[in-house]
Amino acid sequence: MDQLSHANPALEGADRVLMVKSRAALARLRYHRRRRHLVLSAMRHFAAELRERGVEVDYVVSDDKRSVVARHGDVVAAQPNDG
């Protein structure tokens, strides 16, 4: 969740954002069910905030993040701080 911030440097000047909800990553992390719910809710709310600011958001649900990123061409990302 550390990347869900308007201060994220990867968002500077962005007019389009790719957000990937990875079922495989969620299954791999040993989070309590409530924390998983919090993470997914935070992602949806942040996507809505970005849309309200005029940013195009491509919110994709996939088990394969790499193929999603490959289909989207050039992607700028910030290194996450946690799992």
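pLDDT is the predictor's confidence in each residue, from 0 to 100. I checked it before anything else, since this is a predicted model.

**Entry 1: confidence.** I looked up the mean pLDDT of the protein and found 84. Of its residues, 90% reach 70 or more. I then went through the elements. Strand E2 (residues 56-62) has the highest mean pLDDT among them, 92. The lowest, 71, belongs to helix H1 (residues 23-28).

**Entry 2: helix H2.** I took the length of H2 next. The helix has 20 residues and reaches 29 Å from its first C-alpha to its last. That is close to the 28 Å expected at 1.5 Å a residue. I listed its buried positions as Val39, Leu40, Ser41, Met43, Phe46, Ala47 and Leu50. After H2 comes glycine 54, and I noted that its phi is positive, near 90°.

**Entry 3: the core.** I turned to the largest nonpolar core, which has 14 residues. The members touching the most other members are Leu11, Val17, Met19, Met43, Phe46, Leu50 and Val57. Strand E1 (16-22) and helix H2 (33-52) each supply at least two residues of this core. H2 gives the largest share, 6 residues.

**Entry 4: methionine 19.** I located methionine 19 in strand E1. Its relative accessible area is 8%, under the 20% cut-off, so I recorded methionine 19 as buried. Setting aside neighbours within four places in sequence, I found methionine 19 in contact with Leu4, Met43, Phe46, Ala47, Val57, Asp58, Tyr59 and Val60. I also took one C-alpha distance: methionine 19 and lysine 65 are 46 residues apart in sequence and 9.8 Å apart in space.

**Entry 5: methionine 43.** I looked at the contacts from the side of methionine 43 as well. Not counting residues up to four places away in sequence, methionine 43 touches Leu4, Met19, Val20, Lys21 and Tyr59.

**Entry 6: valine 60.** I placed valine 60 in strand E2. Valine 60 has a relative accessible area of 14% and is therefore buried, the limit being under 20%. With neighbours within four places in sequence left aside, I listed its contacts as Leu18, Met19, Val20, Lys21, Val68 and His72. I also looked up serine 41, which lies 19 residues from valine 60 along the chain. The C-alpha atoms of valine 60 and serine 41 are separated by 14 Å.

Key: Residues are numbered from 1 along each chain as its sequence is written. This is a predicted model: local features need pLDDT of at least 70, side-chain atom pairs count only at pLDDT 80 or more; totals for chains, interfaces and linings use all residues. Side-chain values use heavy atoms; hydrogens and water are left out. A nonpolar core is a set of buried Ala, Val, Leu, Ile, Met, Phe, Trp, Tyr and Cys residues joined through side-chain atoms within 4.5 Å. Buried means under 20% relative accessible area, exposed over 50%, partly exposed in between (1.4 Å probe, protein chains only). Helices (H or I, at least four residues) and strands (E, at least two) are DSSP runs, numbered from the N terminus. Contact means heavy atoms within 4.5 Å. The expected span of a helix is 1.5 Å times one less than its number of residues.
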